[in-house]
Amino acid sequence: MKKSVLLGTVAATAAFIGGAAMAAEGDTLKAVKARGELICGVNTGLVGFAAPDASGNWAGFDVAICKAVAAAVLGDPAKVKYVPTTGQTRFTALSSGEVDVLARNSTYTFSRDTDLKLDFIGVNYYDGQGFMVRKDLGVTSAKELDGATICIQTGTTTELNLADYFKANNMSYQPVNIDSNAEGEQQYMAGACDAYTTDASGLAATRAAFADPENHIILPEIISKEPLAPAVRHGDNNWGDIVRWTLNALIAAEEYGVTSANIEELATNSENPEVQRLLGASDDLGKMIGLDKDWAKNAIKASGNYGEIFAKTIGEETPIGLARGLNAQWTQGGLLYAPPFR
Amino acid sequence: MSELHAQTVSFVRETMIPPAPPPTRQTGALRWLRENLFSGPVNTILTLLGLAIIWFLVSHFWDWFAHSVWNAASLAECRQIIAETWGEGARGACWAVIRERWNQYLFGFYPMELYFRPVMAFGFLMVALAPVLFSESLQIRRIVLIVSAVLTLVLMAMLGSPMVWLAFAAVVMIGAVVIAERHAPWLLIFSVLYPLLGIWLLWGGSLWPQIMVLASIGLGWLAWKLLVRVSPLLAMVAGVLVTLILWLVAVGPAAEDAQRLIPLAITAVDSDQFGGFLLSITIGVAGIALSLPLGIILALARRSDMFLVHTLAVTFIEFIRGVPLITLLFVASLLLNYFLPPGTNFDIILRVIIMVTIFAAAYMAEVIRGGLAALPRGQYEAADALGLDYWKAQRLIILPQALKISIPGIVSTFIGMFKDTTLVVFVGLFDPLKGVSDFVRANFAWKGVYWEPFIFVGAIFFIICFSMSRYSMFLERRLRREHR
């Protein structure tokens, strides 16, 4: 009797864990369609990338990816539930099945891709770590920062990059550990550190929000590669394909000049065969990934093509004022290169 | 005054000397100052030092407060207004961020048109608490009830509550005020029902689960009643079992069926829409209400002679106290997902409430154990001598005294727990201190605002915690039985 109870418990536990693992690897597409809602992991708040407004509507560069995926899968960009994730909870939230997609400015690295069992589906923003200093410090290059005190956010890749960079250049520094961007700005403004380092996009936003941006400069050196990429769970390749090609569709749309303004027109009378295939006018590419014919059209209509999203959320027209730089199309000297839709 | 001596005495005062005030050195502010602030060299030095510190702080922060801007659309506009009004380089507080985002600090992403529901739930909470907190002081209870009734109704009207709800709240509130005057014990019925009502008002959805839960408790009570003549223990077990089994098996389906028959639902609000002080107060109140009874049981269990009960209680308390709250929260938010069957939606706020409750209960148990240990042995022996059984002895003699001794400790555990609710930010919930502030700052308009949200949130926390501490002092005075 006792033995059978024990065995029963073990069997039940095994089935339980097996079931949970199955869910994590199972058919995310089916689950999303059944739910009628995409659950998207986003940042708890990062200027330009993800932030809710006064009435609680999320917007931003990462949020646009969520909207595009929801539009591609469910036909409606509004059918997204945003789950704010912190730096500590983001990957666990994804692998435990709490979110379907993680669009949260996470750096694509080897160990995260392999050891943490994530699948990064392609880079949506090429970032890099930079330094900001006060102009009156008289520093014009990061190489002159020997012995400086530097404000650095703990527990991030930026912390490791900083150590690497100073070691490689045989310099020393005094770290001032901070917990969040807001605290970093405060410490830097109060003069607790000579330089503030974080991703260049974050530095630009921070500098733009200062009362006296003209008194601060961002040093030209970019000391690390920070390819920020949306991620999905490892193992559900079909779902990975959907998110990957949704991002590619946004990038390709910019390359082919498909915008949210002219998309309806191009869908019916475009001469370009690639555009026809992309928008479902000729081949039915959607069927191959389990979506309907209009998937890419819906995704692009959600908030425009890659260039439109960039311009609306973080581009030069916005107060953040980021230049396209590496994030320009390959035809413009950038790194964005969507594989052919064929 | 007669005229008799008018001619014989050279001077007669015809009126009294008017009473003169005591010398200035012996009265009023001057005396107070001399006695309290400058009574000796050490005191004088300390006073001057204190004044210097206050002066230092005020002189540094005064202009910042004085240059407050309330009307602006962004931090940049605030800075511009400050520069225009008080000159270039002037510092100033930009309270406009609070003015624009106060609703998110208080309610998170709760739908705006439904703000009246949490307000109503909070007002009803006051009604539910009044008979418990002020059971002996009628005057104070009356004031609390009337003030909370008026405030709730006014706030609900200001937040655009529909007339139906306003009428409902008015009936409940005014009814409570009237009943408190006539049959005060009846109010306790409302206190007992409040958890179900409060949950319904906050999360919305169908009312039927609440009714079904009540019904299953009723059936459990019936089972107890039927069996209590046979054996009190059996009756207790049967009652609890019936209720639990009904909860697990019948409540869900029955509520759905009933909902199909007679729809009785209001707009549902998801847990992830909770935030700000609504979230803190929900978690705090639930944690406080649950951790006190749990803590009492744990404290009694720890002092029990029964080996298993004692060991389990010690293990539980020491384990929970040995683990940081953040660890428990991470377990609640992340680890549980791996173990629960796929697709289970175990509400995140509920998970956090459970973790916060067991955390606070472990501390509570030790505070109450201190109270139990402080009672002289004679009290226990007296209870035994009266022939009371264990539960009666605890209920009538031991616990009332032990709890009274532990009041300051209990309330500081409550206050600590309430402040700890801000830690939920680490599991992705929007606590008012950091969670809401982070996303408010993530909007470019308010990027760079730093102190204002902290001061605003800190002030509200202070008001709530200070009230709790004042209440504990009031309760101590009220329960003082020694004639000192």
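Mentor: Helices here are DSSP runs (H or I, at least four residues), strands are E runs of at least two, and both are numbered from the N terminus. The model is predicted, so local features need pLDDT of at least 70 and side-chain atom pairs pLDDT 80 or more, while totals for chains, interfaces and linings use all residues. Residues are numbered from 1 along each chain, chains are lettered from A and ligands numbered from 1 in written order, and side-chain values use heavy atoms, without hydrogens and water.

Now take helix α8 of chain B, residues 187–203. Its 17 residues should span 24 Å at 1.5 Å a residue, and the end C-alpha atoms are 24 Å apart, which agrees. Yet α8(B) bends by about 50° at B:Tyr194. The bend is the angle between axes fitted to the seven residues ending there and the seven starting there. A proline, B:Pro195, follows within four residues. B:Tyr194 is buried, and so are other residues of α8(B), including B:Leu187, B:Phe190, B:Trp200 and B:Trp203. Buried means under 20% relative accessible area, exposed over 50%, and partly exposed in between (1.4 Å probe, protein chains only). After α8(B) comes B:Gly204, with a positive phi near 70°.

Buried residues of α18(B) include B:Phe456, B:Phe461, B:Cys465 and B:Tyr471.

Most residues other than glycine have a negative phi. Chain A has residues with a positive one. A:Asn105 has phi near 25°, in the loop between β5 and α5. A:Asn105 counts as buried because its relative accessibility is 16%. A:Asn170 has phi near 55°, in the loop between α6 and β10. A:Asn170 counts as exposed because its relative accessibility is 72%.

Next, strand β9 of chain A, which holds A:Ile152. A:Ile152 is buried because its relative accessible area is 1%. Its contacts (heavy atoms within 4.5 Å) include A:Leu162, A:Pro175, A:Ile178 and A:Thr197, leaving out residues up to four places away in sequence. A:Thr197 is 45 residues from A:Ile152 along the chain, but their C-alpha atoms are separated by 6.0 Å.

A:Ser180 sits in the loop between β10 and α7 of chain A. A:Ser180 is buried, at 13% relative accessible area.

Last, a pocket. On a 1 Å grid over the protein atoms alone, a pocket is an open set of points where a 1.4 Å probe fits, with protein on both sides within 12 Å along at least five of seven lines; lining residues have an atom within 4 Å of a point. The second largest pocket has a volume of about 1,200 Å³, a volume being the space filled by probe spheres set on the points. It is lined by 46 residues, and A:Asn43, A:Arg104, A:Gln153, A:Thr156 and A:Asp179 are the closest to its centre. The largest share of the lining, four residues, comes from α17(B). The lining divides into twelve nonpolar, 22 polar and twelve charged residues. Ala, Val, Leu, Ile, Met, Phe, Trp, Tyr, Cys and Pro count as nonpolar, Asp, Glu, Lys and Arg as charged, and the others, Gly among them, as polar.

Terms used: The expected span of a helix is 1.5 Å times one less than its number of residues.
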